[in-house]
Amino acid sequence: METGMIHSSASSSSSSNKSQSRFPLQEQFLHRRSSRENLDRFIPNRSAMDFDYAHYMLTEGKKGKENPSVNSSPSREAYRKQLAETFNMNRTRILAFKNKPPTLVEAIPNNFSVAAQQPKAAKPRRHIPQTSERTLDAPDILDDYYLNLLDWGSSNVLSIALGNTVYLWDASDGSTSELVTVDEECGPVTSVKWAPDGRHIAIGMNNSEVQLWDSTANRLLRTLRGGHASRVGAIDWNNHILTTGGMDSRIINNDVRVRAHVVETYRGHQQEVCGLKWSASGQQLASGGNDNLLHIWDRSMASSNAPTQWLHRLQDHTAAVKALAWCPFQGNLLASGGGGGDRCIKFWNTHTGACLNSVDTGSQVCALLWNKNERELLSSHGFTQNQLTLWKYPSMVKVAELTGHTSRVLYMDQSPDGCTVASAAGDETLRFWNVFGRPEVAKAAPKTAAAEPFAHLNRIR
């Protein structure tokens with residue numbers, strides 16, 4: 001089991017004090033020192049230093065001066081001088097403040113054929129900023145592994161649940177609005193998910209209900225009741241079907257167009273469902289639970305008369321499975337991440353149920369995102385680094401590690417264009433990372449020849 005919410009009077013009072021002095025989704029500005037403060041007069045150039053010589057001078061080289069009686073022998077002195085000449089140690093400075101002169105380069109190469117045979121320059125490496133480009137306050141966000149409190153919709157509006165309130169942050173202009181604050185007996189909000197249209201949003205709550213909102217009109221459309229017996233921590237859409245997963249271990253398909261909204265029930269988990277993701281085709285659903293199980297469900301096998309049987313039951317993880325991500329360039333490839341007792345990212349062929357690879361990340365895997373523009377996977381983690389790790393796929397070589405959060409990075413999503421990643425953590429911050437970069441701009445089409453005279457008229461045949 002993964003660590004959930006921890007309640008104590010001390011923590012609640014400190015949290016309330018923090019939230020009183022902070023405004024949700026306001027940008028944090030780091031205090032920068034004045035340009036005149038603490039200036040160093042001399043700044044050594046590290047690239048021009050000889051660290052081996054420096055180390056010698058700071059250690060071995062001083063021994064003779066500290067113990068002159070040891071080196072009083074003329075033969076020892078002669079040997080020391082010869083050694084110094086051999087290793088070019090007749091210098092007095094350790095720090096260098098000036099670069100060495102550049103090596104002479106021939107203006108005209110002697111052999112043109114050799115230059116012509118040289119291979120093409122490698123594709124320049126993408127620069128990945130190591131720090132977040134923006135940090136917003138997220139007071140009262142729940143530090144609960146099993147919930148899903150962050151989602152970035154197709155209309156470029158990010159939704160985040162902070163306690164009993166759902167806020168909307170418009171990425172196009174940075175404006176913030178409050179969508180709803182639920183009653184104390186209903187809250188806190190335990191999951192949020194935008195519909196594919198980027199206008200409607202589903203909100204799962206602690207009292208087992210799910211609300212559907214029109215964000216444009218700021219209006220509650222309907223409340224789904226009776227499906228679950230406890231909190232709804234995982235939600236995903238498949239067109240007009242809203243799939244919900246609860247602490248009661250049930251997975252329910254709700255058709256939001258009809259009054260009797262429960263149309264299918266998936267039973268397979270024995271504990272809380274904390275991860276739900278439909279494939280891009282809408283044919284397969286992946287579900288992860290606190291029972292360490294990962295299920296693949298097939299839409300064609302769904303039945304309204306009886307609980308639907310899973311297509312695959314995958315039991316390789318040894319901790320809760322929350323992080324799920326379908327590959328954008330291979331429809332039957334699923335990545336899943338395990339909790340603190342597992343720490344692995346596993347890759348699955350969902351047609352056959354085969355585990356293709358497993359990588360031990362060394363820490364709790366909280367969320368996974370595929371890069372839409374490159375063959376890369378981003379994972380977010382808990383103790384000890386609370387980092388975001390970018391992996392090259394399929395080699396799973398680490399490309400970058402992004403740090404800044406001071407608590408486990410539980411929630412993560414990306415912008416509609418796939419370039420920016422938002423992450424929220426128990427440290428009550430929402431951070432934005434330019435980790436996936438911009439998609440390559442297609443080259444402009446070559447200019448066509450000048451149009452023929454009277455080209456707009458039909459040709460005579």
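1. The largest pocket holds about 1200 Å³ of space. A pocket here is an open set of points on a 1 Å grid over the protein atoms alone, where a 1.4 Å probe fits, with protein on both sides within 12 Å along at least five of seven lines. Points are joined across faces, edges and corners, and the volume is the space filled by probe spheres set on them. Keep in mind that this is a predicted model: local features need pLDDT of at least 70, side-chain atom pairs count only at pLDDT 80 or more, and totals for chains, interfaces and linings use all residues. Numbering runs from 1 along each chain as its sequence is written, and side-chain values use heavy atoms, with hydrogens and water left out.

2. Who lines that pocket? There are 48 lining residues, and Asp151, Lys193, Asp236, Lys277 and Asp413 are the closest to its centre; lining means having an atom within 4 Å of a point. Among the elements that give two or more residues to the lining are strand 2 (150–152), strand 6 (189–194), strand 10 (232–238), strand 14 (273–278) and strand 26 (411–414). Strands are DSSP runs (E, at least two residues), numbered from the N terminus.

3. By class, the lining of the largest pocket splits into 29 nonpolar, 12 polar and seven charged residues. Ala, Val, Leu, Ile, Met, Phe, Trp, Tyr, Cys and Pro count as nonpolar, Asp, Glu, Lys and Arg as charged, and the others, Gly among them, as polar.

4. Have a look at threonine 389, in strand 24 (residues 388–392). Its relative accessibility is 0%, so threonine 389 counts as buried (under 20% relative accessible area, 1.4 Å probe, protein chains only). Leaving out residues up to four places away in sequence, threonine 389 touches Leu377, Leu378, Ser379, His381, Lys398, Ala400 and Glu401, a touch being heavy atoms within 4.5 Å.

5. On to the rings: there are 10 aromatic pairs (Phe, Tyr or Trp ring centres within 6.5 Å, using the six-membered ring of Trp; planes under 30 degrees apart are stacked, over 60 edge-to-face, the rest tilted). Tyrosine 145 and tyrosine 146 are edge-to-face because their planes sit at 90°, with centres 5.7 Å apart. Tyrosine 266 and tryptophan 297 are stacked, at 4.8 Å centre to centre and 10° between the planes. Tyrosine 266 is in strand 13 (residues 262–267) and tryptophan 297 in strand 16 (residues 294–298), so this pair ties together parts 31 residues apart in sequence. Both tyrosine 266 and tryptophan 297 are buried.

6. One aromatic cluster is made up of Phe329, Phe347, Trp370 and Tyr393.

Conventions. Helices (H or I, at least four residues) and strands (E, at least two) are DSSP runs, numbered from the N terminus. Buried means under 20% relative accessible area, exposed over 50%, partly exposed in between (1.4 Å probe, protein chains only).
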